[in-house]
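Have the 3D view open as you read.

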Amino acid sequence: MGCAEGSSVVDRPDFEPPQATWREVCGTEGPHRILGLAPGEHAYRIVRIEGEDRVLVSTFVVDPTIPLSEFPPTLELVTQAVGLCGEDPVEVARGLELPSRIDDRHWVGCADGGHGASLIDVTGQQPPRPLLDGWCPLRSTDHGVVTVSSAADERYGTLVIARDLDDPAAVPQVLAHDVRVPRNAFFGPGHSSTTSLWTSADEALALDNLGNVVHVDLATGQSTIQLEGVREFRVSSDGRYMVWQALDPAEGEPETPVSPVFLLDRETQTQDHLLNTHLEWSGGVFAGDYVVVRDDVEGLQLFVRETAQSISLPPGTEFRGLLDATQMWLVERGFETTQELRWSPGDSEPVAFATHQPGSVSRRGEGFELFVEDLPPQMAGPGEGRLEWMGFDGGDPIIVAHRAHRNRGHVADERLITTIGTDSTGHGPLWLIGPDPDDVVVLDALAFEQSPRLNSGDPLDGDIAFAVADPGGDRRGVYRGRVSP
């Protein structure tokens, strides 16, 4: 747009971007509605049915008379299957969260809250069939799907495997009794960092009520006790390493007791004491060549996975993640500036690769996006700010958007999609930005604020998806649009 470096017409409070130029799609000159929505119904996810020209659209339903800004309770969850141009819409599930594909042919939906799984027929010819009365997500293995079957309010249940998903009369096989349900008090039901259940293609490890880690050969169903006196555990993705917390001695709060935590090499059967803490405070503890455990007092504690050697970070730095299997991404926070650093244990000093003002950082590609809410009030509403990208190899920051919302996304060609100035109904102008930050067009004047996430995974073959509620109007629906470059 011919703006000088560091300034832009987008920076002006009175800036209004032009309307997008639409190409024909599905026989429509402009966005094509692929699915209608009822009053109070809002789309929050679209997933492609692999190998087919159809998608699953998941929506939630609220009382349309209550503004979304007041967080009305969800009255219903609905999933419909529909063709890429709106052909043959059919409801496939109701009351279930977004379905997930567990193998080449089967889809499973979980009840709201994560307990109870049903098999979903994505053709809509059959209603969802209750599959397992256990916690989601189900663990998919080479021999079937695994969960802990229990009532929703029980702490222990039965470890089961459903081997034949196509036979409605098939009874799940019991693998172990009195197994703790996979719920993590700090990370939610069924979280991948659960401390009581782990599976791979051929084996499962589960924690029973006596503190035994039970090993199950999924091919035969045979079980043995692998470890005793365990309160919590984690297992690396390759199955070789286990971090586990001792049942005794424990101190502190009854629900969050502290006791010794060990690192076990399951291949060599050697183990080392790491620290004393409550393992359930930690999320995933395995990160590349390292083990990362959260202590409630000392914060994150790091160890070398193969040797269990404790790692002391450079003074004043915090662990942000990994740049690769061995190289750490650290951060040093100041009052006015933040430094992003690369460092490996053994290096004398970390190396700074970016310096910026404080803001929210999220990894993207070979760098990170920096979101800073520093725009003047007359220019931006709540949750809006400026977005930059910085590479891990250094260099000058690249402006991605002069104005964006924290709930943003990227479409198939990497351009940014974001709502701006949303109202109490959760709707506002939907902008498409890039590749130059001054290239801004309006996709819709009143799009739902979760429209950016509808494009996750590119479900519409490069076209843009967005949703409109249009209270009191007739435009309610999910749309597919093809924007001219």
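A salt bridge here is a side-chain nitrogen of Lys or Arg within 4 Å of a carboxyl oxygen of Asp or Glu. Keep in mind that this is a predicted model.

With that in hand, look at arginine 406 and glutamate 373, whose side chains form a salt bridge at 2.9 Å, N to O. Arginine 406 sits in the loop between strand E38 (398–405) and strand E39 (409–410), while glutamate 373 sits in the loop between strand E36 (367–372) and strand E37 (384–391), so the pair ties together parts that are 33 residues apart in sequence. Arginine 406 counts as partly exposed because its relative accessibility is 44%, and glutamate 373 is partly exposed too, with a relative accessible area of 45%.

Now move on to aspartate 444 and arginine 475, which meet in a salt bridge of 2.4 Å, N to O. This pair also links distant parts of the chain: aspartate 444 belongs to strand E42 (residues 440–448), and arginine 475 to the loop between strand E43 (464–468) and strand E44 (477–483), 31 residues apart. Arginine 475, at 31%, counts as partly exposed.

Salt bridges can also share partners, and in this way Arg364, Glu369, Arg408 and Glu414 are joined into one network. Another pair to click on is arginine 94 with glutamate 91, a salt bridge of 2.8 Å, N to O. Arginine 94 is partly exposed at 45% relative accessibility, as is glutamate 91 at 37%. Across the whole structure, the search turns up 24 salt bridges.

Next, the pocket. The largest one has a volume of about 410 Å³. Its lining is made up of 18 residues, with Leu68, Phe71, Phe448, Glu449 and Gln450 lying nearest the centre. By type, the lining splits into seven nonpolar, seven polar and four charged residues.

Over residues 1–5, pLDDT stays under 50, and the model has seven contacts for them beyond four places in sequence.

Terms used
Residues are numbered from 1 along each chain as its sequence is written. This is a predicted model: local features need pLDDT of at least 70, side-chain atom pairs count only at pLDDT 80 or more; totals for chains, interfaces and linings use all residues. Side-chain values use heavy atoms; hydrogens and water are left out. On a 1 Å grid over the protein atoms alone, a cavity is a set of points where a 1.4 Å probe fits but cannot get out, and a pocket is an open set with protein on both sides within 12 Å along at least five of seven lines; lining residues have an atom within 4 Å of a point. Grid points are joined across faces, edges and corners, and a volume is the space filled by probe spheres set on the points. Ala, Val, Leu, Ile, Met, Phe, Trp, Tyr, Cys and Pro count as nonpolar, Asp, Glu, Lys and Arg as charged, and the others, Gly among them, as polar. pLDDT is the predictor's confidence in each residue, from 0 to 100. Contact means heavy atoms within 4.5 Å. Buried means under 20% relative accessible area, exposed over 50%, partly exposed in between (1.4 Å probe, protein chains only). Helices (H or I, at least four residues) and strands (E, at least two) are DSSP runs, numbered from the N terminus.
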